[in-house]
Amino acid sequence: GSGGGGGARLPVAIDTSLWTLVRMREIQVSIALYCSLAFGTVYVTEVFPLFVVSPLAKHGFEMSSSDVGIILMASAPLQLLSQLLLYPRLVKRIGFLRTLRWN
């Protein structure tokens, strides 16, 4: 009836300000992992080609742009296979966090 007991509870206010979220350990770890993966992606797509086309005098490999294209093209199937076959098996075997730490 209308006895006042057992009614719906009011939601508790949770502080979701940006500063509060950024101070949470889980968020910090997620941000750090995202940044490290983004760094790796930027390295492969931007810095690696510049490094290998640099002259030998500047510690590069003096490759042509077509050589760099062939290297990147050849690495694509390996990356695809590792993401589709190796990574899921590794996560299943040793767990997600251990896989990230190992990587």
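User: What makes F51 partly exposed in this predicted model?

Analyst: Its relative accessibility, which is 35%. Buried needs under 20% and exposed needs over 50%. The 35% of F51 falls in between, so F51 counts as partly exposed.

User: Why does F61 count as partly exposed?

Analyst: F61 has 48% relative accessibility.

User: What makes F51 and F61 an aromatic pair, and why is the pair called edge-to-face?

Analyst: Two values decide. The ring centres of F51 and F61 are 5.4 Å apart. The limit for a pair is within 6.5 Å, so these rings qualify. Their planes stand at 90°. Over 60 degrees counts as edge-to-face, so that is the name here. By this rule the count comes to one aromatic pair.

User: Which parts of the chain does the pair link?

Analyst: Distant ones. F51 sits in helix α2, residues 25-53. F61 is in the loop between α2 and α3, and α3 covers 65-94. The two residues are ten apart.

User: How do you know which class of residue makes the contact of α2 with α3?

Analyst: Look at who meets whom. From α2 come V44, F48, P49, V52 and V53. From α3 come V68, I71 and L72. Val, Phe, Pro, Ile and Leu are counted as nonpolar. The tally is eight nonpolar residues, no polar and no charged.

User: What makes T99 buried?

Analyst: T99 has 4% relative accessibility. The cut-off for buried is under 20%, so T99 counts as buried. T99 is in helix α4, residues 96-102. Setting aside neighbours within four places in sequence, T99 touches Y87, L90, V91 and I94.

User: Is L33 buried, exposed or partly exposed, and what makes it so?

Analyst: L33, in helix α2, has a relative accessible area of 29%. Under 20% would be buried and over 50% exposed, so L33 is partly exposed. L33 and L100 are 67 residues apart along the chain, while their C-alpha atoms are separated by 8.3 Å.

User: Why is H59 called exposed?

Analyst: The relative accessible area of H59 is 67%. Exposed means over 50%, so H59 is exposed. H59 lies in the loop between α2 and α3. Its phi is near 65°, a positive value in a residue other than glycine.

User: What is the phi of E62, and where does E62 lie?

Analyst: Phi is about 55°, positive although E62 is not a glycine. E62 is in the loop between α2 and α3.

User: Which residues does E62 contact, beyond neighbours within four places in sequence?

Analyst: They are V52, V53, S54, P55 and L56.

User: How far is E62 from T20 in sequence and in space?

Analyst: E62 and T20 are 42 residues apart in sequence. In space they are 49 Å apart, C-alpha to C-alpha.

Notes. Residues numbered from 1 in each chain as written. Predicted model: local features only at pLDDT ≥ 70, side-chain atom pairs only at ≥ 80, totals over all residues. Heavy atoms only, no water. Phe/Tyr/Trp six-rings, centres within 6.5 Å; stacked < 30°, edge-to-face > 60°. Helix = DSSP H or I, 4+ residues; strand = E, 2+ residues; numbered from the N terminus. Buried < 20%, exposed > 50% of the residue type's maximum accessible area, 1.4 Å probe, protein only. Contact = heavy atoms within 4.5 Å.
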